[in-house]
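Hi,

Here is the structure I promised to pass on. Please have it open while you read my notes.

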Amino acid sequence: MRGTQPGPDVGTLRVDTTALVSALLDGPVAVELTSSCTHALEAASLLLGIGPGDEVVVPAFTFSSTANPFLLRGATLRFADVDPLTGNLDPASVAERTSPRTRAVVCVHYGGVAADLDRLVPMAEQGDWDLVEDAAQGLFGSLHGRPLGRFGRVGALSFHHTKNISAGEGGALVVNDPALVGSVPVLLDKGNDREAFDRGLVNAYEWSGPGSSWRMPDAAVDRLATELARRDEVQRARHRIWDTYARELTSWSSATGARLPVVPPGAAHPAHLFWVLLPPATARERFLAHCVERGVRCTRHYGSLPRTRFGRTVALPGDICPVADEFADRLVRLPLGPEMDEGDVDRVLVAVTAFR
Ligand SMILES: Cc1ncc(COP(=O)(O)O)c(C=O)c1O
C-alpha cells in the first residue's frame, strides 16, 4: 500500500508551478492546482460547508459551473441579474436576492473584467455570507492593483484550453481566509491526510474526511508550467488585438447602437475576450452569417441560466433577470487569440464594420 511507504513524493514541478501561480496572485494564503475551475468551485463549496437549506446567489449570465458546485451540495440557487455595462453581477440585484438563508454569493469576472467588488466586498462583510470569486477568466485581471481571485473568501481560476493560459484542462483553488487553509489538502486528496504523510508528519495516510480527486494531474502541471513561461508574449498579443478592436469599432458601435465592453475605473483586464452586444432589433443569426460569409467566425456565449432547460427546473419563479437575458440573446464574441496576425484582425474589423 502506497500510504505505508514514508517519504515525500510531491513533485518539484507542481510546487514550483503552484508557487508561480501564487506569485501571480500576490501570494494568497493558499493556492492549490486543480483538475478544472469547476472542481476548484466544487472544493470551495465543500470547504465552505454549503449544504441543504442554504441559498447561494449566482449571476444568471454565466457558465453552468458557477452554479452546479453549490447545487451538488444541496443548496438552493438564487439567480441575480447582471450589470448592463459589464455583464457582471449587479449588486442591486444581489441585495434583492439575499436573505438570512444566504450562505454565499458567487461573482464572475466576465472576460476578466472585475465585478463590482467595491460594493460586493462590503456587502459580504455586512451580510452573513461568503463572497466566492469565479475567476475562471480572471488570471492577470485586477481591481485597484489587487489580482482577481483575492477578494472573496475563496476563488477559482481556470486553465481550460479556451483560457489565456491553458493546461488543457485545469484550474486553481485560491484560499484567502487563513481559517480555511488546514482543511484544504484533505479535500483535494480524496479525503486522505496524504499531504501530512508526504511531509513526513504521519507514518501512513488514512481517510480523514470528505473529499474528492480534484488535484491537477502531473501532465497538466507540466503543460501549465510551459504555457506560463510564455505569458508575457501571450498577453502582449492579446492586448494588442483587444485594444485594436476597442479603438476601431467605436464609431461603428455609435452608428449602429451596438455596445462594446466597458472596463470600470481601477480595473485592469486580461484581454480574455472581446464582446459586442448587438442592438435589440438586430437578429444575431444575421450578424453571425454576415461574418461567416467574410471568413470570420464569431460566437455567442452563455445562455441565461434560469431560462435554460435545466435552469427552469431549479430557478425560483421570481428570479427574473432581464439584463442577463439580453446578454444571452444579443452578445457575440469576436475572434481573439495570440495566434492571430494583423491580417486576421483586419478581416474581423472589415466584416464587423460592414454590418448594418
Ligand atoms: C465563468 C466560468 N466559470 C467556470 C468555468 C469552468 O471552467 P473549467 O472548464 O476550468 O472547469 C467556465 C468555463 O469556461 C466559465 O466560463
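This is a predicted model: local features need pLDDT of at least 70, side-chain atom pairs count only at pLDDT 80 or more; totals for chains, interfaces and linings use all residues.

Residues are numbered from 1 along each chain as its sequence is written, and side-chain values use heavy atoms, with hydrogens and water left out.

**The two domains**

The chain splits into domain 1 (2–229) and domain 2 (231–353), with bounds that come from an automatic or database domain assignment. Their C-alpha centres are 26 Å apart. Domain 1 puts 42 residues into the contact and domain 2 puts in 40, where contact means heavy atoms within 4.5 Å.

The size of an interface is often given as the accessible area lost when the parts come together. Here domain 1 and domain 2 bury about 3300 Å², and 62% of that is on carbon and sulfur atoms. (Buried area is the accessible area, with a 1.4 Å probe, that two parts lose on being put together, summed over both.) Phe79, Tyr110 and Asn164 account for 19% of what domain 1 buries against domain 2, more than any other three residues.

Two salt bridges link the domains; the term stands for a side-chain nitrogen of Lys or Arg within 4 Å of a carboxyl oxygen of Asp or Glu. Asp319 makes a salt bridge with Arg78, and the closest N and O atoms are 2.7 Å apart. On the side of domain 1 that touches domain 2, the largest share, four residues, comes from β3.

**The seven-stranded sheet**

Helices (H or I, at least four residues) and strands (E, at least two) are DSSP runs, numbered from the N terminus. Two strands pair if DSSP finds at least two bridges between them. An open sheet of seven strands runs in the order β1-β9-β8-β5-β4-β2-β3, and its pairing is mixed. At its edges are β1 (30–34) and β3 (76–80), each pairing on one side only. On average, neighbouring strands here are turned by 20° against each other, direction ignored; axes are lines fitted to C-alpha atoms, for helices over the stretch in contact, and angles run from 0 to 180 degrees between N-to-C directions.

Five bridges hold β1 and β9 (residues 171–175) in an antiparallel pair, and Thr34 has Gly171 of β9 as its bridge partner. Helix α5 (residues 117–126) packs on the sheet, touching β4 (102–108) and β5 (130–135), and its direction makes about 145° with that of β5.

**The three-stranded sheet**

A further open sheet has three strands in the order β7-β6-β10, paired antiparallel. Its edge strands are β7 (146–147) and β10 (267–268). Two bridges join β6 to β10, with Ser142 opposite Ala268.

Best wishes
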